[in-house]
Amino acid sequence: MSSTTSQLFQPIRVGDIQLRHRIVLPGLTRLKSGEKSHVPNVKLMKEYYSQRASQYGTLLISEATLIARKAGLSPHAPGFYTQEQLDAWKEITDAVHAKRSFHFGQLWALGRAADIKSLREEDPSDPLPYVSASDVQLTGKEEAPRPLSIPEIEEYIALFAQAAINATQKAGFDGVEIHGANGYLIDQFLQDKTNRRTDRYGGSPENRCRFALEIVEAVVRAVGAARTGIRLSPWNEFLATYTYLVTQIKERFPNLAYIHVVEPRVSGVFTRETFPKEWSNDFIREICCYKTPGNLIAFGRHFIANPDLPYRLKKNLPLNAYNRATFFSPGDVSEGYIDYPFATNV
């Protein structure tokens, strides 16, 4: 199929924005913000995102961005909770908009995946609790997290909503993506391996989905369904849970901008060598009544290495090879970040 007739290069409306094509930059952790301030490095990140916005009408999703200090610190991750962070993001989103492209901010709470040392030592005068859905210790961590109390759960729901307001009203994002995937806090509530609660947030699939659905409701109330998306990673043997969750999202929030689903080949930051052949995201497409698969396609590694990826794919041009060694180089490092070449005649 030629690029002129391929669905990949057909325009599509996502919430309130009109995209020129269906190639998306997903949220990709790149660690270029201040180690403890969590302020985006404007010089680097403005260039990085504007490069990938160079084909107008492109949707970019930001890297995972902390909704609050207490949501689980990680060195060099950006935040949405101080004015300095929001001002820096505004310069970045302005650069994306100048290219006539669009930017959604990804809302992130880490739970038991947080860096424990940062929680305790980033500000010794105000140490932060290490928390999760339950007290299930993560492999490689030196201690188990403390289960969140009901009032704390309610506080987190409000923090997601406030971060969505900050991102859209103060940092210039066109919308937000709730990070409900990859073993972070929302995902810790969804999975029965990490959620051993006996209250209304644990036990049945309906109860384990409650936290996620209440966050979606709060964010939709704060910024509107058309400006809200959610990222999910259903491939941890919890088909019934995700069937219920996606069905509820469709019924309760029919105007949600999108559901971003990780493919079964991917597990967190790793790639599965093998997985059951029956694993497929088609069950989600069927629930959402998509007529054809792949309404939007997110490219991670190849978009890192090819800032003009939509152009290269449309023109069937060779792709730059990506360098895994530079994916997570922290701090003020441009190598592997903004130095990948464009194709000619962009």
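Tutor: Of the contacts in the protein with a separation of 6 or more, 71% join residues 24 or more positions apart; contact means heavy atoms within 4.5 Å. This is a predicted model, in which local features need pLDDT of at least 70, side-chain atom pairs count only at pLDDT 80 or more, and totals for chains, interfaces and linings use all residues. Residues are numbered from 1 along each chain as its sequence is written, and side-chain values use heavy atoms, leaving out hydrogens and water.

The chain has eleven helices and 13 strands. These are DSSP runs, numbered from the N terminus: helices are H or I with at least four residues, strands are E with at least two. Buried residues make up 55% of the 346 residues. Buried means under 20% relative accessible area, exposed over 50%, and partly exposed in between, with a 1.4 Å probe and protein chains only.

Now the rings. The structure holds twelve aromatic pairs. Rings of Phe, Tyr and Trp (its six-membered ring) pair if their centres lie within 6.5 Å; planes under 30 degrees apart count as stacked, over 60 as edge-to-face and the rest as tilted.

Take Trp-108 and Tyr-184. Their pair is edge-to-face, with 5.3 Å centre to centre and 90 degrees between the planes. The two residues are 76 residues apart, so the pair links distant parts of the chain: Trp-108 lies in strand β5 (residues 102-108), and Tyr-184 in the loop between β8 (175-179) and α5 (185-190). Trp-108 counts as buried because its relative accessibility is 4%. Tyr-184 is at 18%, so Tyr-184 counts as buried too.

Next, Phe-189 and Tyr-201. This pair is also edge-to-face, at 6.4 Å centre to centre and 80 degrees between the planes. Phe-189 sits in helix α5, and Tyr-201 in the loop between α5 and α6 (205-208), twelve residues apart. Both Phe-189 and Tyr-201 are buried.

Last, a cluster. Ring pairs link Tyr-48, Tyr-49, Phe-80, Trp-89, Phe-173 and Tyr-337.

Back to the whole fold. The C-alpha trace spans about 60 × 45 × 40 Å along its principal axes. The protein exposes about 15000 Å², and carbon and sulfur atoms supply 50% of that; the areas come from the Shrake-Rupley method with a 1.4 Å probe, and for residues only the protein chains shown count as cover.
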